[in-house]
Every structure is written in structure tokens, then in C-alpha cells.
Amino acid sequence: MNKAAALPLLFLFAQPLSAHATELYGQEFFQSPPRNISIHNSYSNAYQRSYPVISLELPADAGANLKRIALSQINGTEKWKWRGKDLTVYSGFYDMRKRGEKGLASLQSNDESGITEIIFSPSIKPGQIISVVIPSINPRQGVYEWSASFYPESPSLPPSQTLGPVLRLDIYRSNIRF
């Protein structure tokens, strides 16, 4: 490696890590994106009332607040019908017994694109671990999967960061016979 090429690399690694979001062409990105993303469901029988919980950690060095999560269903025997009312948010990872606070998140669905967004008000600050409870009714039996995209709070139209793992719920046929 020649010295002319090594100097810019050395300069890049010598820079202190910033707590600010990275900006490119006027759009904001996370320095360190959300992690430890998971989905849990309180009940897994078809057509049963349930309370899916999406949990995530926004690292302390994220560099930007989290404003919204976009869920795009990529698998399932039918479209999952999220209920837009009474979302609750609580601090910490999934806990079946924990109750959240209403009014901190809302749900918006776009039937054309098939994307459902969870919008936080106020936005989630770096260093927080949160769980969002979304009242729902389970659809027909099958495997349901979503990709998740995360949007920082930004005055310009923020770009998305799609991360793995894919969120997955299994819904089973009810054994009740009539």
C-alpha cells in the first residue's frame, strides 16, 4: 500500500466517534442502527385476540432519535390486519406481564404499498429499549413474516434502514371442534 493511500485511511480511523447522525445529501442516517429487534405474540391460535409485541434497542451511539418503524409483510397466508387503536409502549424488552402507556405511538397502514408504520410521539431517544404492544386479531393459520425499516427523526425525508432478522410469528389452527 502506498503512503498517499494510507494517509486518508489513517485520518479516517483517527477521527473520534461522534454522537451525531450521519448526513448524506441532506438526509440523516443512524450511526448505529436499532438492534435486538424481535416480535412476540401473547396468543398463537388462529382468529384469536392477541397482543403482538415488537421490541428493540436503540443504541446509545445511534446518533439520531427513532421516529418510526415500517413493517412490510413478506410472508403469510393472508394479510395481517393490525388494529390502529390503543397501541401501548413500555420500557424494556418483551415481558408478557408488563403494561404500557397509551398515546406514545400510533399506527398507519397503506393498503397500496402493504406497509404498516409505527410512529412514535415523542421519538425514541438513543440508549432506550422499548416494546410496542399492538392489539390485534390473529389471522388464519400459517407463518407470517415482516421486514422492518427504521427511520430517524429528521427535518428532511429520512431514508430507511432495513435490518434483519426477519420478524416472524407462527399462527396455529385452533383445536376447537364444533
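A charge is taken to sit over a ring if NZ of Lys or CZ of Arg is within 6 Å of the ring centre and within 35 degrees of the ring normal. In the predicted model examined here, Arg68 lies over the face of Tyr151, at a distance of 3.8 Å from the ring centre.

Pairs between aromatic rings were considered next. A pair of this kind is described by the distance of the ring centres and the angle of the planes. Four aromatic pairs are present in the structure. In one of them, the ring centres of Trp80 and Trp146 are 5.4 Å apart and the planes stand at 75 degrees; since planes over 60 degrees apart count as edge-to-face, the pair is assigned to that class. Trp80 is located in the loop between strand E6 (66-75) and strand E7 (88-91), whereas Trp146 belongs to strand E13 (residues 142-152), so that the pair links distant parts of the chain, 66 residues apart. Trp80 has a relative accessibility of 1% and counts as buried. Trp146 is likewise buried, its relative accessible area being 2%.

Trp146 also pairs with Trp82, with ring centres 5.3 Å apart and planes at 50 degrees, and this pair is therefore tilted. Because Trp82 lies in the loop between E6 and E7 and Trp146 in strand E13, the pair ties together parts that are 64 residues apart in sequence. Both of these residues, Trp82 and Trp146, are buried. Together with Trp80 and Tyr144, Trp82 and Trp146 form one aromatic cluster.

Trp82 is also among the contacts of Thr116, a residue of strand E10 (residues 115-124). Thr116 is buried, with a relative accessible area of 2%. When residues up to four places away in sequence are not counted, Thr116 touches Ile69, Ala70, Leu71, Lys79, Trp82, Leu107, Gln108 and Ser109. With Ser109 there is a polar contact between the two side chains, at 3.4 Å.

A further site concerns Asn45, which is placed in the loop between strand E3 (35-40) and strand E4 (49-50). At a relative accessibility of 32%, Asn45 counts as partly exposed; the buried class requires a value under 20% and the exposed class one over 50%. The C-alpha atoms of Asn45 and Asp170 are separated by 8.8 Å, although the two residues are 125 residues apart along the chain. Leaving out residues up to four places away in sequence, Asn45 touches Asn138, Ile171, Tyr172 and Arg173.

Technical notes:
Residues numbered from 1 in each chain as written. Predicted model: local features only at pLDDT ≥ 70, side-chain atom pairs only at ≥ 80, totals over all residues. Heavy atoms only, no water. Phe/Tyr/Trp six-rings, centres within 6.5 Å; stacked < 30°, edge-to-face > 60°. Helix = DSSP H or I, 4+ residues; strand = E, 2+ residues; numbered from the N terminus. Buried < 20%, exposed > 50% of the residue type's maximum accessible area, 1.4 Å probe, protein only. Polar contact = N/O pair within 3.5 Å; in protein donor to acceptor, adjacent residues only side chain to side chain. Contact = heavy atoms within 4.5 Å.
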